[in-house]
Amino acid sequence: MTTSVMPPHAPAAETPSGRRRWLGMVVMSLGVSLIVVDATIVGVVLPQIVDGLGLTTTDAEWVTSVYSLVFAALLIPFGRAADLFGRRRMFMVGVGIFTLASVGAAAAGSGGALIGARALQGVGASMVLPATLSTVNTVFRGKERAIAFGIWGSLISGMAALGPLIGGALATGGSWRWAFGVNLPFGAALIAGALALMPETRGAAGSLRDIDWLGGALSVFGLGALVCGLIEGQTYGWWRATRPFEMGPFEWPTGGVSPIPVVLVLGVVLLAALVLVERARLASGRPVMLDLSLWRIANFRHGNLASSLISVGELGLLFVLPLFLLGVHGTSPIQISVAILPLAIGAFLSGGYAGKLANKRGAHRVVQLGMVLEVVAVLALGLTITATTSGFGLAPWMLIYGIGLGLTSAQLTNVSLAGVPHAKAGQASGTQSTARQVGAALGIAIIGTVFATSLGHTMTGRLDRTSVPAERRAAIAHDLRESAGTYGRDLHDTPGMGAAAHAADESLATATRNGALTTAAILALGLIMSLRLRPARASSDQHRAESTTAPDAQENQR
């Protein structure tokens with residue numbers, strides 16, 4: 001009988017030497033850094049992309065979020081595929097797809113083409129991340145485990161924060177297209193490095209029949225509908241339709257109920273169906289994409305929820321801050337990057353120290369400390385930001401936020417996966433990474449919606465108190481909102497629009513402040529989740545005790 005569970009000690013194809021194993025660790029970390037950088041680099045060059053391709057606010061959100069959405073939807077299926085067919089092989093295929101998609105993004109001539117290329121980048125990224133995470137989880141043991149995750153996390157955190165700096169430097173020296181084109185040589189180098197240094201590991205042998213295609217389809221369409229509804233709500237109306245929606249010959253008319261509630265309900269229904277289908281398949285011994293038995297491990301459950309909430313804050317914040325700086329101060333990309341540089345420094349330094357601190361105090365305590373720092377920093381940013389705040393004014397809070405992010409990122413993965421059986425490493429790491437990417441996509445959708453809605457409403461109210469002709473007020477507020485705030489610079493350059501330009505600056509500050517406070521509230525929920533984490537060793541012992549009666553143990557005895 002085919003089961004969803006592999007033997008608990010599935011052999012690795014290679015047992016690498018100590019030096020080669022650590023060099024392979026560097027290759028894997030740089031591979032993940034490449035795909036993580038691409039999730040954050042867009043924030044800095046986004047204002048240039050909006051101007052260059054004539055994007056609306058909704059288009060800008062899709063350019064940013066479609067990557068995370070596709071990334072999240074395919075992580076679990078490709079995590080399972082990596083277990084079956086080899087994790088190094090999956091890593092190299094993923095890097096190849098990601099690199100080719102990056103070339104397509106660099107050459108994009110329209111918003112639709114760029115969004116499509118970003119979606120294909122998400123496909124490649126969803127192959128890379130679970131392959132590396134499950135390899136690290138399989139190869140390193142004991143005290144080396146915390147050190148390995150510390151290296152993995154510090155490189156990823158530092159590179160994620162350096163993404164805006166790299167993007168700004170490339171965009172300032174040439175064009176936003178270089179932010180994507182630069183991936184070509186790096187991708188080729190990573191494939192060569194993986195062939196030479198990365199160990200090949202896998203679970204038990206299997207075939208395409210061992211992948212749960214139905215579960216994968218429900219996951220893709222359920223998450224897609226949920227994020228689509230959150231992003232498009234401001235375009236088509238949250239309850240009543242504000243404009244017609246067209247898809248081929250089908251048209252949803254205005255005047256009645258908006259299509260958005262229907263899409264959101266559809267997403268919830270599909271995700272509920274996913275849970276029911278996976279539960280039934282697991283009970284009957286068939287392969288599953290989402291192993292619900294993993295959620296009985298307390299640290300895995302709480303760690304995944306915390307991961308999702310952390311990513312909501314990180315990607316949502318990096319979406320709105322560059323738009324604020326450009327709209328109010330006309331800041332160039334490199335100056336935006338310098339404003340975010342303290343986040344990179346804090347994340348890189350604290351991530352490197354997190355492994356040693358975890359061995360002394362426990363990984364769960366490191367996660368909790370990091371979450372406290374994140375909440376404090378973003379709350380302070382939200383309470384202090386004004387229309388006169390510059391990148392230097394953001395720097396102290398971004399440094400504190402970066403320190404917290406570096407402490408949290410690596411060790412949250414460590415403590416979440418510590419109690420997972422080795423044979424399920426790919427599936428568990430795919431699920432854990434999915435939680436992060438779902439949070440990233442939702443973060444951009446939620447924080448982006450708060451930003452755009454606040455921007456439009458605040459600008460309308462402030463224009464009513466100016467001498468701007470009534471017939472122009474609605475158009476100005478609409479243009480500011482639809483341009484993601486970049487229209488504010490045009491107002492500064494237009495004679496006789498001083499009052500409107502000032503109103504735009506104040507409106508951008510209010511919208512950014514509301515986005516930051518919303519982010520702080522979401523991070524506070526993540527902090528609450530992290531307080532329920534327990535020491536990794538206790539979690540592992542508990543799971544081993546529970547596993548003696550689990551379906552996989554029963555199957556292995558047959």
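Here is a short chat about a few spots in this predicted model.

Q: Before we start, what should I know about the model and the numbering?
A: It's predicted, so local features need pLDDT of at least 70 and side-chain atom pairs count only at pLDDT 80 or more, while totals for chains, interfaces and linings use all residues. Residues are numbered from 1 along each chain as its sequence is written, and side-chain values use heavy atoms, with hydrogens and water left out.

Q: OK, where is S293 found?
A: In the loop between α9 (259-283) and α10 (298-329); helices here are DSSP runs of H or I, at least four residues, numbered from the N terminus.

Q: Is S293 buried or exposed?
A: Buried, with a relative accessible area of 11%. Buried means under 20%, exposed over 50%, and partly exposed in between, using a 1.4 Å probe and protein chains only.

Q: And which residues is S293 in contact with, leaving aside neighbours within four places in sequence?
A: L282 and K424, where contact means heavy atoms within 4.5 Å.

Q: Switching to L399, which helix is that in?
A: L399 sits in α13, and at 34% relative accessibility it counts as partly exposed.

Q: Now α4, how many residues does it have and what does it reach?
A: Helix α4 (residues 111-139) has 29 residues and reaches 42 Å from first C-alpha to last, close to the 42 Å expected. That expected span is 1.5 Å times one less than the number of residues.

Q: How many of the α4 residues are buried?
A: 24 of the 29, so α4 is largely enclosed by the rest of the structure.

Notes
Helix = DSSP H or I, 4+ residues; strand = E, 2+ residues; numbered from the N terminus.
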